[in-house]
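Student: Can you walk me through this structure? I'd like to keep it quick.

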Amino acid sequence: MGNILTIAKRELKAYFGTPIAYVFLAIFVALTGVFTFFIGDFLGRGVADLQPFFQYHPWLYLMLVPAISMRLWAEERKSGTIELLMTLPVTTTEVVIGKWLAGWVFLGLALVLTFPIWITVNVLGDPDNGVIAASYVGSFMVAGAFLAIGACMSALTRNQVIAFVLAAVVCFLFVMGGSGMVLDAAAGVLPDVVVQAIGNMSAMVHFDNIARGTLDVSDLTYFVSLTVFWLFANVLTIELKKAD
Amino acid sequence: MTEMLVLDNLTKRFGPFVAVDGISLEVKPGEVLGFLGPNGAGKSTTMKMAAGFLIPDAGIARICGHDVATDARAAKQHLGYLPEGAPGYSEMTALGMLRFAASIRGLSGAAARTAIDSAIERADLATVVNQTIETLSKGFKRRVGLAQAILHDPDVLILDEPTDGLDPNQKHQVRNLIRDMAAQKAIIISTHILEEVDAVCSRAVIIDRGRIVADGTARELKRRAENHNAVVMRVAAGDLDKAKKALAALKGTGRVETVSRGKTGARLRVYPVTTKSIASDVAAALKAKRIHVQELNVEEGRLEDVFRDITSSEAELAEVANG
């Protein structure tokens, strides 16, 4: 546990070691605003909720989480520090969790910085703050799961651009899987069970459930298992090709 | 168990290429082992396996009795490792990196401060502790890596080219540091600077094509040099032929060659037939012939020659076997 925190602290400091962290935070907050007000038509809808704010989060994460995760392992490989790190008395699992945790905390901070929108909606109307809190939790879970995917992809290569693209592609599959477009197309050719399975694999479907205000165990389990699965894949990747 | 570091039949293949081919060696406390070999001989690969970073295809590496593969954490606690090229986190300061290493090593509070201060002092980093690694020169980067490796006073030190990129003063300093620590520790340093072996190593292992081709003290290795115990002398130019004749007649001497020849004097080298010293015989023989010797030196043999001899002949032999 101590080692996990030491690793996470170092990684978190590394994020803020360059101005990119601040740029990222600014872009995240600005983009959530753009999606909410212009694309989601927050003001024109005349409804006091944050649905227009939250519904685009998975799409935002699609681009922004890979940007956070791409350096986690690829940079260690490129600079050779992985050799230093993995010969210290830490287990691969501790390093994998520590790195992921740092990214998750960073994304959590980005999410916290969107608080003005919560204040705004409370000033303008009388929203259900329980739903908003649940949505924040859901959004944070999506970020964590995508980050686990991105970290694993980063472990596959020493090139951060490749890590970014791989992560975006895999995350895209998990977002698109639940979209009407894919499900309708699948319904035409595949049996219902399979279509349902595809829908259940999608982060979008589970996030929508949570964002509606129902913090269901099955939806939370989905995100936890998705995260754990990709972290486990990350550990395996490092164990198998530490030195490549 | 007196051996702190044991490599048992380590083997590593990269595809069809056998990088390390059954290397076994043991390092005792107090020993500084110089690991030599031409580039691509498998030095770094062996060090990586010994440090538990690279998983061997066969064989075991043990640090203080702990298998680095199955009992990694215990093994790594006894290990200080400087990887090839001394990598460091570019955005961290030297101090930040040492603090990170200390924290991972389970040091905190006063113990961490003492360890860090001592490492900074021994690696002579005081002037740059607050600079980020990316702004440091090659020599300082290496010393940060060294400080990190000795931070927790480990029993076993594996240093991959610790003096590469250092200037002569820094090299001297690092060698002193290694010598100072040598008494209680088992140390392996890889290098291709042969003078290092004379300067700090109590034992040298030469590898070529993934195999150990020589193992012994620097003195033992030098004995394998062609000119070990050869005698070089300077005589007056007029005495040259007389001296040559006298030396050729002497028992125990082999080839006699003229090294250089000037107006006033000439330099001769006479090789012994065995490794036994012939210096006194040579001196006596010349004196008996009333040849005035201006200078007389016994050659020790050069490690470079032995190194080149061993590694190139092995390579040629292998080529013959393959062809």
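Tutor: Here is a short tour, topic by topic.

Tutor: This is a predicted model, where local features need pLDDT of at least 70, side-chain atom pairs count only at pLDDT 80 or more, and totals for chains, interfaces and linings use all residues. Residues are numbered from 1 along each chain as its sequence is written, and chains are lettered from A and ligands numbered from 1 in the order in which they are written.

Student: How many helices and strands are in chain A?

Tutor: Chain A has 15 helices and 0 strands. Both are DSSP runs numbered from the N terminus: helices are H or I with at least four residues, strands are E with at least two.

Student: How compact is chain A?

Tutor: Its radius of gyration, taken over C-alpha atoms, is 19 Å. The C-alpha trace of chain A spans about 55 × 45 × 30 Å along its principal axes.

Student: What share of chain A is buried?

Tutor: Buried residues are 42% of the 244 in chain A. Buried means 20 or more other C-beta atoms within 10 Å of a residue's own, exposed means 12 or fewer, and partly exposed is in between; C-beta atoms are placed from the backbone.

Student: Which residues does chain A use to touch chain B?

Tutor: The contact takes 19 residues from chain A and 22 residues from chain B. Two residues are in contact if their C-beta atoms, placed from the backbone, lie within 7 Å. On the chain A side, helix H1 (2–16) and helix H7 (81–86) each give two or more residues. That side has 7 nonpolar, 9 polar and 3 charged residues. Nonpolar covers Ala, Val, Leu, Ile, Met, Phe, Trp, Tyr, Cys and Pro; charged covers Asp, Glu, Lys and Arg; the others, Gly among them, are polar.

Student: New topic. At what angle do H12 and H13 of chain A pack?

Tutor: H12(A) (residues 180–189) and H13(A) (residues 192–201) pack at about 160°, with axes 9 Å apart. Axes are lines fitted to C-alpha atoms, for helices over the stretch in contact, and angles run from 0 to 180 degrees between N-to-C directions. H12(A) and H13(A) are therefore roughly antiparallel. Over 145 degrees is roughly antiparallel, under 35 roughly parallel, 65 to 115 roughly perpendicular, and the rest oblique.

Student: Which residues meet there?

Tutor: A:Leu183, A:Ala186 and A:Ala187 in H12(A) meet A:Val195, A:Ile198 and A:Gly199 in H13(A). By class, that is 5 nonpolar, 1 polar and no charged.

Student: And H3 and H5 in chain B: parallel or antiparallel?

Tutor: Roughly parallel. H3(B) (residues 94–104) and H5(B) (residues 138–150) pack at about 25°, with axes 9 Å apart. B:Ala94, B:Met97, B:Leu98 and B:Ala101 of H3(B) make the contact with B:Val144, B:Ala147 and B:Gln148 of H5(B). The classes are 6 nonpolar, 1 polar and no charged.

Student: What do the buried residues of H3(B) pack against?

Tutor: They pack against H1 of chain A, plus helix H4 (109–122) and H5 of chain B. B:Phe100 and B:Ile104 are among the buried residues of H3(B). After H3(B) comes B:Gly106, with a positive phi near 80°.

Student: Last one. Where is B:Gln77?

Tutor: B:Gln77 is in helix H2 (residues 72–77) of chain B. It has 17 C-beta neighbours inside 10 Å, so it counts as partly exposed. B:Gln77 and B:His152 are 75 residues apart in sequence, yet 8.5 Å apart in space, C-alpha to C-alpha.

Terms used:
The radius of gyration is taken over C-alpha atoms; the globule rule is 2.2 Å times the number of residues to the power 0.38.
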